[in-house]
Every structure is written in C-alpha cells, then in structure tokens.
Amino acid sequence: MEWVKTNCRLCGYLCGLFAQVEDGRVVALEPDPSRYPYDAAIVRGCRRCQSNLELLDHADRVNYPLKRVGARGSDEWQRISWGQALDEIAARLQLLADNNGPETLATSIGGPHSVYWPMHRFLNLFGSPNNLGIGQICWNPAIWVNALTFGWPLENELDPETTRCAIIWGMNPAESDNSLLWRTVLAYTRQGGHLIVVDPRQTRTARRADTWLPLEPGSDAALALGLLHVIIREKLYDEPFVTRWCAGFAELAAQVAPYTPQLVANLTGLTPAVIEETARAYAGASPATIITGRGIDQIGANSLPTQRAIACLRAVTGNVDVPGAAHLAEMPDFVPEIDLELSHLLPERQRAKQLGASFLRLQSYAGYERVFEQTVKGNGRLPHRYLTSAHPNLIWRAMLTGKPYPIRAMIVMGSNPLSAHADTKLIYQALKSLDLLVALELTRTPTSMLADYVLPIAGGLERPVLQTNAGTANIAYGGNSAVAPYYERRTDFDFWRELGLRMGQESYWPWQTFEESLDATLAPLGMSWAEFCETGLYAPTPTYRKFEHCPAAGHSPIGFATPSGKIELFSTVLDQLDAEPVPQPKPLCATDDHYKLRLISGARVQPFYASAFRQVEQLRQMHPLPLAEIGKETAQAQGLVDGNAIWVETEQGRALFKLKVAVMRENVVSVEYGWWYPELSGSDFESGVLISNANVLTHADFEECEPVLGQWQFNGLACRIYLAGPDELLFLNDRNVSRMEERAIAMEC
Ligand SMILES: Nc1nc2c(c(=O)[nH]1)N[C@H]1C(S)=C(S)[C@@H](COP(=O)(O)OP(=O)(O)OC[C@H]3O[C@@H](n4cnc5c(=O)[nH]c(N)nc54)[C@H](O)[C@@H]3O)O[C@H]1N2
Ligand SMILES: Nc1nc2c(c(=O)[nH]1)N[C@H]1C(S)=C(S)[C@@H](COP(=O)(O)OP(=O)(O)OC[C@H]3O[C@@H](n4cnc5c(=O)[nH]c(N)nc54)[C@H](O)[C@@H]3O)O[C@H]1N2
Ligand code: SF4
Ligand SMILES: [Mo]
C-alpha cells in the first residue's frame with residue numbers, strides 16, 4: 001500500500017491529489033494541498049472528485065478493443081486485440097485514402113479532455129485538413145478577437161486584493177467552475193468587491209452581484225456598444241492611454257454614437273439607467289476586469305461583435321496588461337503545441353480542401369497565416385488546432401452527400417458529437433452512413449455505440465496529464481498517473497503513434513511512450529517529466545505592461561503585435577478581409593406567434609460535465625433528470641408549474657425536460673445540455689440520445705453561421721414550450737429501466 005501524487009481528470013482543472021494504491025488499484029483519494037489548487041477544501045467540496053473511484057472500474061467502461069459485429073448501433077461486439085484493431089483500421093484508412101484522397105478522413109475532438117497534438121501530428125502527416133472541434137463556440141472567438149485587437153490572447157484576472165470592479169459576462173462559475181475561480185469570486189464579493197453579472201438568468205453567480213443585468217439572450221453586442229457610448233460621451237475613458245496606445249478611436253466613437261442608453265434599452269430589455277450606471281462603475285474603477293463565458297460565444301452572428309466590443313471596453317479604459325484586470329499572455333518557454341503538431345507538413349493543396357476554407361474569412365489556414373504574420377513579429381505563434389478546424393456542418397453534409405468530396409471515415413477522440421454538436425439528427429444520419437467510424441473512448445456513449453471500432457482509452461488516474469492551454473500562455477500544469485491502465489486500456493498518444501507507425505510515419509514518432517514525449521516537451525526548461533511532477537506547475541511570475549518595454553536603449557517600445565503596432569479598436573485585418581472593422585450588432589433571431597420564447601440551450605450544471613457522468617450512480621442521484629427553467633410569469637401565462645414534464649420545441653425538433661420555475665428574464669427558456677439515458681439499451685439506447693438532448697433543438701447550417709469565424713447559435717433561438725403527456729411524465733419520474741424503455745419506444749422526438 002502506498003500514497004502517490006496524481007491528478008484528478010474529471011474537469012479541466014486537474015486538481016492535485018494523493019492516491020492510495022493497493023496491488024495496482026486506487027483505493028482512496030485525498031487532496032494534495034501542496035499542488036494546484038493549493039486548498040484541500042476546494043477538492044473536498046467538489047461533488048465530482050470522489051466519483052473517480054467508481055469511474056475507474058465502472059460497468060460501462062470500455063476495457064478491451066471492440067469490433068462491431070451486428071448492424072451499426074446494435075451494440076453487438078467482438079473483443080479483438082490492439083494489434084488486430086490497429087492493423088485493420090490502418091488498412092481500411094489506406095484504401096479509403098487511395099480511392100478518395102486523404103481528406104476523406106475527418107476527426108472530431110471535444111473539450112480539453114486529453115492531449116490533442118498527437119492526433120494533429122498524425123492527421124498532418126496523413127494529409128487531411130478536416131479536424132472538427134468545438135472551438136468555434138468555445139474558446140476560439142476570444143483567442144481570435146484578442147489576437148486581432150491586442151496581437152495576442154489575454155488572460156482575464158480577478159484578484160480580491162487589487163481588482164476594483166468586475167463584470168462577469170455570460171459566464172456562471174458557480175456551476176461551471178468547482179475550483180479556484182469560483183472561490184476567488186466568493187472571496188472578492190465577501191470583501192465588498194464590486195460585481196456586475198450579465199446573464200438572462202439569476203444564477204448563483206448573479207446572486208453574489210451588486211448589479212444583475214438580465215438582458216435578452218443574444219443582445220450582448222448592443223449592450224457593449226451602449227456601455228462604450230456612455231464611456232465616450234461622458235469622457236470616462238483613459239485619454240492618455242487611448243492617445244498613446246490605441247488606433248481607430250475616432251471610428252469606434254462614430255460607430256457607438258447612435259447606441260444611446262435608450263436605444264440599447266430597447267434592444268436589450270434593460271433600463272437606460274442601469275446601462276449608464278454599469279458604464280460608470282466599470283470605467284470609474286481601476287483596475288477593472290471583464291470575464292467572459294460561453295453565454296456570448298454561442299450567440300451566432302453576434303458573438304464576434306460582442307467579443308470585439310468587449311475588447312474595446314478593456315482597451316479604452318486602459319485595462320490591458322495590468323494586474324487585477326488582464327494579462328497579455330506569453331509564448332511558452334517549453335515546446336509549444338504548434339511545434340508538436342507539425343502543421344507545416346500539411347501540403348498547401350490539402351489545406352485548400354479544408355471544409356469551410358473558401359467561405360470563412362479567418363477560420364481557415366489562410367486566415368491563420370494572415371494573423372500569424374503579425375503575431376510572429378511579437379514572437380507569438382498561435383496554436384493551430386482550433387483556429388484551423390473545419391466547419392462541422394460541412395463535414396456532416398459531406399458524409400451524407402459526397403459533396404464537395406466524400407468524407408467516408410471519422411475518428412472520434414475525447415468528444416461526443418451526438419451530444420455536443422448542433423443538429424443531432426443530421427449527425428446521427430451522417431455517422432450511420434460512414435464506411436469507417438472509430439471511437440477512442442472511456443465509456444459507452446451514444447457516439448461510440450455507432451462505431452465500427454471502439455478503443456479503450458486510459459482515463460483519469462491511469463495516465464500522465466500535461467495541460468498547456470494549447471500554447472497560448474506560458475503555463476503548464478498536471479502530473480503523473482497513479483496506476484498503470486486497468487485491463488487493456490491505453491493512452492490516446494499510444495493509439496496515434498501506433499497508427500502512424502503502420503502508415504509510414506516511423507521517423508516522426510521518436511518517442512516510445514507518452515512520458516518520453518513529455519520529457520521532450522519540457523526539455524527547454526531543463527526539467528524532466530519526473531521532476532515536473534513534483535510540483536505539477538510551471539508558471540513564471542507574469543510581467544505586465546510589456547508593450548512599454550524597449551528592446552534596447554534608444555529603441556521605441558515594442559507595442560502590440562498588430563499591423564499598426566497599437567491596440568486596434570478599428571481592426572486593419574478585418575477591414576482587409578472585407579469584414580466589419582468596428583463591432584456591429586446583428587438583428588436577433590426572429591420570434592413569431594408560434595415560437596414566442598427565446599432558448600438558452602446549454603447552461604452548465606454540477607455535478608455533470610457536458611454529456612459525461614450520467615451513468616455514475618452517485619452523481620446521477622444528485623441530479624437525476626434534465627431540467628428546463630422558465631420565469632414565474634412565463635409559467636403562469638402557459639399554465640405550467642414546477643415539476644411538469646414539458647416539451648421544448650424549435651423549428652428543428654423537440655426535447656423533453658422537467659420544469660423548474662426560476663428567477664430569470666421572462667419569455668426565456670433555459671435547458672440543460674448533454675442529457676442522454678445510459679440506462680437504456682439496444683435501439684432504446686440510440687433513441688435515448690434524442691429524447692432530452694438540447695442539440696435536437698439546434699442547428700449549425702453553414703449558410704446561417706457567422707461569416708468570419710463560423711459560429712453557430714446555441715443561445716437566443718426562437719422556441720415554444722408545452723405540457724407533455726402522462727407517459728412522458730412517467731418516463732421522467734419512474735426510473736424503472738424496463739418501463740422507461742417501453743415508454744421511450746412510444747415517444748416521438
Ligand atoms: N459543471 C460543468 N462545468 C463545466 C462544463 C460542464 O459541462 N459542466 N463545461 C466546461 C466547458 S466545456 C466550458 S466551455 C465552460 C463554460 O463555462 P460558462 O461560460 O460558465 O458556461 P455556461 O454555464 O454555459 O454559462 C453561460 C451563462 O451564460 C448565460 N447566457 C446564455 N445566453 C446568454 C446570452 O445571450 N447573453 C449572456 N450575457 N448570457 C447568456 C447562461 O444563462 C449561463 O448562466 O464550463 C466548463 N465547466
Ligand atoms: N447545446 C449546447 N451544445 C454545446 C454546448 C452548449 O453550451 N450548448 N457547449 C459546447 C462546448 S463549450 C463544449 S466544450 C462541448 C463539449 O463537447 P465534448 O467535449 O464533445 O463533450 P463531452 O460530453 O464531455 O464528451 C467528451 C467525451 O470524451 C471522453 N473522454 C474523456 N476523457 C478522455 C480522454 O482522455 N481520451 C478520450 N479519447 N476520451 C475521453 C468522455 O468519456 C466523453 O464521452 O459541447 C458543446 N456543445
Ligand atoms: S474541480 Fe473537482 S472535478 Fe475538477 S479537477 Fe478538481 S477535483 Fe476534479
Ligand atoms: Mo467548452
């Protein structure tokens with residue numbers, strides 16, 4: 001029996017743990033207060049952490065390579081060896097590439113569950129530009145916008161000691177963050193720190209705020225322009241900073257001039273007074289921070305102008321590269337992801353085939369190169385993987401139609417597209433039509449159940465983990481595995497390396513193990529992987545106001561890595577790309593007599609993480625059913641009460657939820673995302689992914705996506721709700737599996 005240092009992997013924070021190990025099995029877990037988040041209380045308070053033990057050997061885990069033997073989705077498998085699985089996958093991929101070109105292989109990645117560079121390395125050497133991810137509606141918009149505006153990504157800061165005003169905008173760390181940020185928000189507000197929350201729902205975060213702004217979903221760009229209007233009209237901006245460091249102030253001022261508090265009140269549903277007070281509170285405090293979340297990255301065409309307007313708010317108030325406001329991140333001192341990906345080896349003719357490249361102005365290899373030219377002058381090289389990912393909707397369509405060319409194979413890694421991507425029914429048809437679908441997975445999921453091969457991946461506590469923010473910052477954290485993988489599970493790295501070796505990539509995979517590749521990654525620090533694991537963190541003290549530094553005596557300051565060398569309120573790059581150089585709000589999605597309400601499809605809830613953990617009994621007991629929230633007046637108007645089973649319907653389809661009446665903006669419906677019913681089996685298992693899935697209600701039709709970065713819309717869609725029948729109520733309330741299965745068959749989704 002021994003205690004070993006390891007890390008939790010059940011969300012992106014990778015909290016430091018001690019694992020008690022007996023005969024190669026983890027039998028107990030304790031927080032390690034000497035490593036991140038340096039506070040045993042945070043880990044003890046985490047509702048998910050202890051379920052690591054249940055998950056390590058859960059009945060739904062994949063333990064051996066599986067090959068499909070029945071019809072696709074029938075859940076009939078043959079256990080095979082890793083060698084056989086890899087040989088067969090390599091042979092089938094080669095045949096498909098010979099017939100259709102290597103672009104016929106697409107990959108799907110999800111949130112930060114694993115290291116993705118080995119996949120990119122394989123894909124670049126294989127020759128496919130068609131990786132799809134969730135970047136467009138997760139962290140891309142902020143990376144792109146901050147790179148355009150400031151020359152590099154920003155890390156927003158909140159410090160109870162120094163921050164004087166904080167706006168949390170479209171983010172709910174009370175549910176989405178179990179860790180240090182939420183604890184910091186609590187400490188900040190306890191000390192009397194001024195907090196403003198912009199969110200249609202009165203979340204637990206909003207309840208800590210001095211001011212809660214329950215705006216109409218999707219109207220955020222108008223609000224940001226309204227705040228800029230007041231700040232400029234009342235001369236609350238930092239004039240010396242703007243004069244010295246910002247370009248395009250006159251154009252921005254002209255753009256925001258029409259956005260008076262009254263107009264913005266009409267557009268957002270807020271009052272003119274609260275808009276003015278918010279502008280004065282933010283601009284009047286220094287330092288002041290704005291922390292943004294998915295609420296504004298998932299509003300389709302309004303995401304880009306919102307992020308841009310918020311970047312302008314930070315800039316005109318001088319809250320850039322200042323402690324307690326925002327830090328301009330730096331390139332890693334270790335080997336960055338971009339160098340591990342080998343993106344330069346993907347030939348130009350293959351890059352040009354990326355699905356989406358010919359339509360989207362920035363989200364493509366060409367767009368990446370355009371911004372690369374300027375950031376590289378500031379010694380920065382942005383990561384490739386999310387910024388060049390293909391548009392998912394075009395991939396699903398190419399699978400179904402063969403146009404513009406056939407996509408016949410997909411490898412899914414750390415993602416569950418049937419749950420996470422818009423338009424579940426389209427994806428279902430598309431995946432079912434493939435010649436080859438491979439899932440690298442921990443558990444049985446709706447997506448992996450459709451696969452030809454499911455490969456058992458080593459999860460939390462079974463493999464080393466090094467998180468590097470994809471190379472956008474000089475930070476690395478993580479640590480070692482506690483035990484060797486159970487059964488025949490292997491790391492994602494092993495899969496890609498072994499496949500690469502079978503496909504002529506020998507010279508590019510010099511490391512035998514994942515650990516060896518980590519030694520190589522950390523080598524520039526003069527540190528081995530084993531040494532790194534002792535502290536589990538590399539984060540040099542940040543430096544601020546770097547733009548003022550002079551490289552040598554007599555030289556001018558380095559400024560910002562933008563074409564003008566200044567912060568670009570007016571974006572030269574967007575202008576050259578024929579996109580709007582100053583932020584311009586777009587009309588909201590139209591509602592009508594039939595679809596009168598507005599939908600938020602995906603507010604996070606504890607203890608779940610996207611579609612994960614519904615099968616973990618101790619977590620499911622805490623939150624057994626999918627909830628939809630509406631305000632009191634909306635409920636009364638519809639004759640609905642708490643606990644009703646309701647259908648939420650959009651033009652796309654309908655999904656079943658249990659109703660909860662909550663404090664929030666009226667005429668808005670907020671549903672949880674990621675719901676499926678792992679307890680159902682066979683064909684009911686498949687239908688289980690449709691019943692309460694928020695993404696049955698959404699779509700990402702390419703023609704309607706944002707034309708620069710390609711965002712689709714998860715929030716602000718037109719919808720309606722109505723009472724479901726008695727069988728649907730019983731389906732939700734009666735957890736007897738065979739009765740659930742009978743009712744699932746009868747349900748039409
Ligand atoms: N428990 C849990 N934690 C998670 C995750 C999880 O699935 N579960 N997922 C992780 C991932 S991948 C991510 S990206 C982060 C996301 O973390 P957050 O950004 O905190 O995610 P959300 O809960 O979606 O918060 C968005 C908030 O925006 C609000 N909102 C919706 N529409 C609008 C709008 O139009 N305007 C504004 N201003 N607000 C709006 C919602 O009501 C919600 O409260 O969380 C991570 N943490
Ligand atoms: N309607 C709606 N849809 C959304 C969102 C929303 O707010 N609303 N949010 C979007 C956002 S921000 C995100 S980030 C995505 C999340 O999308 P995903 O990341 O695709 O969602 P998950 O359900 O977490 O699926 C991850 C899968 O990876 C597996 N996994 C975990 N660890 C590993 C590993 O180490 N290796 C491998 N190979 N697999 C692993 C898990 O078992 C799980 O099945 O969802 C997006 N979709
Ligand atoms: S916050 Fe909880 S689930 Fe996330 S890594 Fe830490 S202990 Fe694990
Ligand atoms: Mo995300």
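For this tour, a residue is near a molecule or strand when one of its heavy atoms lies within 4 Å of it. This is a predicted model, where local features need pLDDT of at least 70 and side-chain atom pairs count only at pLDDT 80 or more, while totals for chains, interfaces and linings use all residues. Residues are numbered from 1 along each chain as its sequence is written, chains are lettered from A and ligands numbered from 1 in the order in which they are written, and side-chain values use heavy atoms, with hydrogens and water left out.

**Stop 1: ligand 1**

Select ligand 1 and its surroundings: 31 residues, the closest being Asp199, Arg201, Asp220, Phe608 and Ala610. Now look for polar contacts (pairs of N or O atoms within 3.5 Å; within protein, one must be able to donate a hydrogen and the other to accept it, and residues adjacent in sequence count only if both atoms are side-chain atoms). Asp199 puts a polar side-chain atom 2.6 Å from an oxygen atom of the ligand. Ala610 uses its backbone instead, with an N or O atom 2.6 Å from an oxygen atom of ligand 1. Then show Arg48: an N or O atom in its side chain is 3.3 Å from a nitrogen atom of ligand 1.

**Stop 2: ligand 3**

Keep Arg48 on screen and pick ligand 3. Which residues surround ligand 3? They are Cys8, Leu10, Cys11, Leu14, Cys15, Cys46, Arg48, Cys49 and Asn178. By class, that shell has seven nonpolar, one polar and one charged residues (Ala, Val, Leu, Ile, Met, Phe, Trp, Tyr, Cys and Pro count as nonpolar, Asp, Glu, Lys and Arg as charged, and the others, Gly among them, as polar).

**Stop 3: the S1-S2-S3 sheet**

Strands here are DSSP runs of E, at least two residues, numbered from the N terminus, and two of them pair if DSSP finds at least two bridges between them. Colour S1, S2 and S3, which form an open antiparallel sheet in that order. S1 (2-7) and S3 (25-31) are at the edges with a single partner strand each, so one side of each has no neighbour in the sheet. Strand S2 (residues 16-22) is joined to S3 by six bridges, running antiparallel. Zoom in on Val21, and you'll find Val26 of S3 opposite.

**Stop 4: the S18-S19-S20 sheet**

Last, jump to another open sheet of three strands, ordered S18-S19-S20 with antiparallel pairing. Here S18 (465-467) and S20 (537-538) are the edge strands, each with a single partner strand, so one side of each lacks a neighbour in the sheet. Three bridges tie S18 to S19 (residues 476-479). Finish by selecting Gln467, whose bridge partner in S19 is Tyr477.

Terms used. Helix = DSSP H or I, 4+ residues; strand = E, 2+ residues; numbered from the N terminus.
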